[in-house]
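User: Hello! I am new to this structure and would like a short tour. Could you show it to me?

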Amino acid sequence: MTLLLLAILAKVGVVLLVLLTTIAYAVWLERKVVARIQSRWGPYLVGPHGLLQPVADALKIFFKEDIVPTEVDRVIYWLAPFLAFSLALLSISVIPFGESLTIGGATIHFQITDLNVGLLFVFAVTSLGVYGVALAGWSSNSKYPLLGGLRSSAQMISYELSLGLGVVGVVMLAGSLSLREIVEHQRGLWNVFVQPVGFLIYFTAAVAETNRVPFDLPEGESELVGGFHTEYSSFKFAMFFMAEYANIVTVSCLATLLFFGGWLGPVFGPSLLRALLPVFWFCLKVFCFLFLYIWIRGTLPRFRYDQLMAFGWRFLLPLGLLNVLVTSLILAWRSA
Amino acid sequence: MAPLFYIFAALAILAALSVVLQRTPVYSALSLIVVLCSLAVVYLLLGAEFLAVVQVIIYAGAIMVLFVLVIMLLNARQETPSDRSRLARWLGAPLLLIFLGELLFAVWERFPSAATRAAALPDAGPRAVGTVLFRNYVLPFEVTSVLILVAVLGAVVLAKKRL
């Protein structure tokens, strides 16, 4: 019992460590890639190729003065960043990273917990993520954060629907909500080839859900200063920042699992390589998604707010419904 | 499992009290979210993962977000207590006690012993819920959705006088 508990704690620790490192280096990667796109150098002074820049950033942000404006609603002002950050970390707990491994009778699952409704769990946690943003905007008691908070809540609610509809096709194909079973179902053919429309809907909605360019209206610097986190400084700001990147990582993991076969890929060689290759494929696919995110950020301009809402409700949502309808018709026709 | 149940049951009751007692609407709404999430944990402890997750998605993630948004839009701050109705003060507590007693009695009547309580728990996976919902209760389900549609249309008509 104690041993089991220790094993679970160790696993949680390792996953958290990997996730936080990924977040830190996703920021570095973003600065580097965007700099490359814009013909700049990006960070290169701290360590070789600026590789130690995340450490410097973290130290800097934690030693900054923590300014709390006088008119804020203190309890909620403190609660909001913690809520955003912890919820962003929570969803990683059901993400499987690789096939289960058996070494000398002991089975190692590359996953913190295998919930039979894992996919819905991620959606539940994501849907709670709105509160961090909305409450931060409200509690700051200042006009730009309030507008930013309202905007982003409206945006997240709108795009959550499309996000859900985009994956319904995948769930119907696999006949399960367990992420592990959905991946196993893709052994023959990745879902992205069966559900291309579903993937496009999912990815578009996911970019909007994580408040990224071209859907980063909540933070539209030119009109809202910094959006919902205008009044936040020091480590509370860092928490929002890390929550955003943690969400990007989660969404990329989910896209990999649902549409790109998760850890499936060519497996060969000695047993150790055989055991680790699935994890490598998974990480490689997630990395490609992170890169795609950054690429999009470096390339596309921001939507206007009404365009964004119209796009979500009038195009993405009907398309998602249509995709569900067509998929279920084909499935019914095939099983008949 | 029992200690977890007691912790979250107590949390749900405390938060429910806080919903009523808070003066600031946002705090009430947040307390209600805590109630809904604790209930989800109780479902989880009962082995109904699907219901637990759906509870969070629909109630905490969708309905309460709208509540919070409306409170934010109206910028409702501290509530000022109105002239309390004397009738409510005298009748409130007794009526509440009667209601609670009735509820307790009904639950007791249905599930007299722990064994039946455990046996009465149906399989609550997505497949089972779906089958029951779309086989046995198709008509109520569809009627409810039509009802919601009507409510939505009504709200739109009321909000936009000129369409």
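User: Of the residues of chain B, what percentage count as buried?
Analyst: Welcome! This is a predicted model, where local features need pLDDT of at least 70, side-chain atom pairs count only at pLDDT 80 or more, and totals for chains, interfaces and linings use all residues. Residues are numbered from 1 along each chain as its sequence is written, with chains lettered from A and ligands numbered from 1 in the order in which they are written. A residue is buried if 20 or more other C-beta atoms, placed from the backbone, lie within 10 Å of its own. Among the 163 residues of chain B, the buried share is 17%.

User: Which helix of chain B gives the largest share of the side that touches chain A?
Analyst: Contact here means C-beta atoms, placed from the backbone, within 7 Å. By that rule, 16 residues of chain B meet 19 residues of chain A. Of the chain B side, 13 residues come from the largest contributor, helix H3 (residues 49-74) of chain B.

User: How many helices does chain B have?
Analyst: Helices are DSSP runs (H or I, at least four residues) and strands are E runs of at least two, numbered from the N terminus. Chain B has zero strands, and its helix count is seven.

User: Are H5(A) and H12(A) roughly parallel or roughly antiparallel?
Analyst: The axes, lines fitted to C-alpha atoms over the stretch in contact, have angles running from 0 to 180 degrees between N-to-C directions. For helix H5 (residues 143-174) of chain A and helix H12 (residues 305-335) of chain A, the axes come within 9 Å and cross at roughly 15°. Angles under 35 degrees count as roughly parallel and over 145 as roughly antiparallel, so H5(A) and H12(A) are roughly parallel.

Note on methods:
Angles under 35 degrees count as roughly parallel, over 145 as roughly antiparallel, 65 to 115 as roughly perpendicular and the rest as oblique. A residue is buried if 20 or more other C-beta atoms lie within 10 Å of its own, exposed if 12 or fewer, and partly exposed in between; C-beta atoms are placed from the backbone. Two residues are in contact if their C-beta atoms, placed from the backbone, lie within 7 Å.
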